[in-house]
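Thanks for asking me to look this one over.

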Amino acid sequence: MRVLRRIWALSAKEVRHVMRDPRSLYLALGMPVVMLLLFGFGVSFDLERLPIAFVDLDQSASSRELRQRYTANDDFIDAGSIALEDAERALVAGEVMAVVVIEEGFERHLRRGEQASIQLLIDGSDNNGATQTRGKAEAMGRVFGFSLAQRSVASAPPPIQTRQWMRFNPEGRSAVFLVPGIAAYVLAMVAVMLTALTVSREWERGSMAQLFSTPVGRLEIVLGKLLPYVVLGTLAVLLVLAVGMWVFDVPFRGSSVALIVLSFLFIAGMLGQGLLISVVARNQMVATQAAALSSMLPSMLLSGFIFPIENMPMVLQYVSRIIPARYFVEGLRGVLLRGNGLGELWPQAAALLAFTLVMIVVSTARFRRSIA
Amino acid sequence: MTEHAIESRALRKQFGDFVAVDDVSFHVEKGEIFGYLGANGAGKSTTIRMLCGLLEPSGGSATVAGHEVGREPMRVKASIGYMSQKFSLYRDLVAEHNLEFFGGIYGLSGKRLRSAIEAAVERTGLQPYREALTSSLPGGIRQRLALACALMHGPEIVFLDEPTAGVDPASRRDFWRLIRELAQAGTTVFVTTHYMDEAEYCARIGLMVDGQLVALDTPRALKRDWVPGVTLSVGGRDLHRGIEPALALPGVIAAEPFGAAVRVRFEEGREDEAALRRLFGEVGRVDRVERVDASLEDVFLAVVGAGAKDEAA
């Protein structure tokens, strides 16, 4: 009973600090939403309206049809016809993303049922743009080829035809898969910040000595400080996801219980990490920097938010296993997009729980009991 | 189980090569006001911190409120109140919330917490400041609030580490009235200070010099032992040149300037007012000669002086 009363007293005090100085409320609730909007609108891997120029050496009905097909939807826009000599210059100047060269005799080859080729010069300096341009251009060439093949009576249908069906994100919008990542990244940062300062602040103010003169235990301090922020942080998660669904049309197909459990565990883990930093750091300056570094970089780079974990070097793949953001991103994508529940996502929940417990145990163990 | 409120046995604290507290032994009676005096850095705070379980002793042991500090720190902490030298409440909370917090930390809740707060507010006269932000309180009120927080759970013993440092004289007097009331109600008070006038209020005094407890007794006995004899104060003008020759008078132990006056201490029964008037009349003007009591300040200087002599020898 006394233990609970002490934890309660610590939590109530922490809430009063927050009420006194609502900056941490803004930090917890306002900042994640603002960052989600900034990232959500700013970071998009969907490329549209890529300017491409054409060098049409054939000047035939077929070459014109090809050109039309390229620019029929919004993926590419027609940057005009240029001469072959100017193709290189246009790429160097960055005026176009790609140049499509249609060789002379394009229509003649097609008529005869021979292979007709087009040449694609792509600006490779933007890797993501180049990859997408190549993919889209190839797809269009293939589609055009099929439709020509079907039109000609003589030729049989192509032997193999792949029908793709992209589940969970049929339009392939990057927002749908980025929002969970952004949410994890932003919330990781905010949560670590929230607690990183609470213990070092007590040391700096001298109130820690006062606390230690009372029968309060270290675990009680750790839990008492964690509790109010876990509530605040879980609210922040739900708020961010609500904004994500509303603004970016991210679907929510899975179990809300799973969502709340994962959010709670993730937030508790990150707050625990902040607390550990706070316990070890001793002054607020060091604590702030350690908090920023230890939360931002791993949850950005190693969570699978931007870079797929499968593509990482083996070492980093192992490292990513201790990054809570990884499990939270996986969990969120599962709940929101794949419609999962805890039945599928219990390994992620278990990993987050384990991280949280380790943080609490290590924070308590590293808590210096004595002063001076 | 010991009958003393506090018992320290060869308590020792070493930081690297520096011995902050050097084998200190003493005991404090229940309900006593025990003064712990010494210059800054003499080891007062370090001793208090060890007794409160904030600092682990390097050697020796101590029993506080019947519990061994090293073995049962949590029990010790539950039976004591501690007020640190540096103001350490939460400045961004209002006064009452600080009381509420410390009450909660000591395990109070509900009705018992409310009545403990009322009692503390009543006792320390904080009624008008309950809703005030702690950072906005004047120094004297803050110290009273800190004391009130340390008393929330009705501890048997309170440790006050320089509770009146930097507080104006009127507030210091009020604060000491509180301390005396506490002791009358049966609470043991262990207090450090470097104001010698405050030390007069203590039932017994321990004097620390360089980590060692060099004297321990009632104020009266300390004065008798460390500043023996009879002190005469010579008041007037231009008297300081008479100090050297006065030391040569028969029976004189010491002669020191005290403001414009000179204080001359004789061995008991050998005081000679006429000789002083004659001697100082030659170098300046003597207005009056009167017998004065030794102060604790004299004791302190004598004790520190003895320590310095020991070192020289």
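This is a predicted model: local features need pLDDT of at least 70, side-chain atom pairs count only at pLDDT 80 or more; totals for chains, interfaces and linings use all residues.

1. Let's begin with chain B as a whole. Its secondary structure comes to eleven helices and 14 strands. The C-alpha atoms of chain B fill a box of roughly 75 × 45 × 35 Å along the principal axes. Of its 313 residues, 47% count as buried. If you take the contacts in chain B between residues at least 6 apart in sequence, 68% of them join residues at least 24 apart.

2. Both chains come with a domain assignment. For chain B it gives domain 1 (6-223) and domain 2 (228-293), and the C-alpha centres of these two domains lie 41 Å apart. For chain A, domain 1 is made of two segments (2-43 + 173-366), while domain 2 covers 50-151. The C-alpha centres of the domains of chain A lie 48 Å apart.

3. Helix α5 of chain B (residues 139-150) is worth a stop. Does its length agree or disagree with what its residue count leads us to expect? At 1.5 Å a residue, its twelve residues should span 16 Å, and the end C-alpha atoms are 17 Å apart, which agrees.

4. How enclosed is that helix? Ten of the twelve residues of α5(B) are buried, so the helix is largely enclosed by the rest of the structure. The buried residues include B:Ile141, B:Leu145 and B:Cys149, and also the charged B:Arg142 and B:Arg144. Among the elements of chain B that cover them are strands β6 (80-83) and β7 (157-161), together with helices α3 (95-105), α4 (110-124) and α6 (169-184).

5. Next, look at the hairpin in chain B. Strands β9 (residues 204-209) and β10 (residues 212-217) run antiparallel and are joined by five bridges. One of the pairs to look for is B:Leu207 with its bridge partner B:Ala215 in β10(B). Two residues lie between the strands, and B:Asp210 in the turn has a positive phi of about 50 degrees.

6. Chain B also has an open sheet of four strands, in the order β12-β13-β11-β14, with antiparallel pairing. β12 (252-258) and β14 (285-292) stand at the edges with a single partner strand each, so one side of each is left without a neighbour in the sheet. On average, neighbouring strands of this sheet are turned by 20 degrees against each other, direction ignored.

7. Within that sheet, β11 (residues 230-237) of chain B pairs with β14(B) in the antiparallel sense over seven bridges. You can find this pairing at B:Arg237, whose bridge partner in β14(B) is B:Arg285. Helix α10 (residues 273-283) of chain B lies across β11, β13 (261-266) and β14 of the chain, and runs at about 150 degrees to β14(B).

8. Finally, the two chains meet: 23 residues of chain A are in contact with 23 residues of chain B. On the side of chain A that touches chain B, α1 (2-20) and α8 (207-212) are the elements that give two or more residues. Of these, α1(A) gives the most, with nine residues. By class, this side of chain A has eight nonpolar, seven polar and eight charged residues.

Notes. Residues are numbered from 1 along each chain as its sequence is written. Chains are lettered from A and ligands numbered from 1 in the order in which they are written. The expected span of a helix is 1.5 Å times one less than its number of residues. A residue is buried if 20 or more other C-beta atoms lie within 10 Å of its own, exposed if 12 or fewer, and partly exposed in between; C-beta atoms are placed from the backbone. Two residues are in contact if their C-beta atoms, placed from the backbone, lie within 7 Å. Two strands pair if DSSP finds at least two bridges between them. Axes are lines fitted to C-alpha atoms, for helices over the stretch in contact, and angles run from 0 to 180 degrees between N-to-C directions. Domain bounds come from an automatic or database domain assignment.
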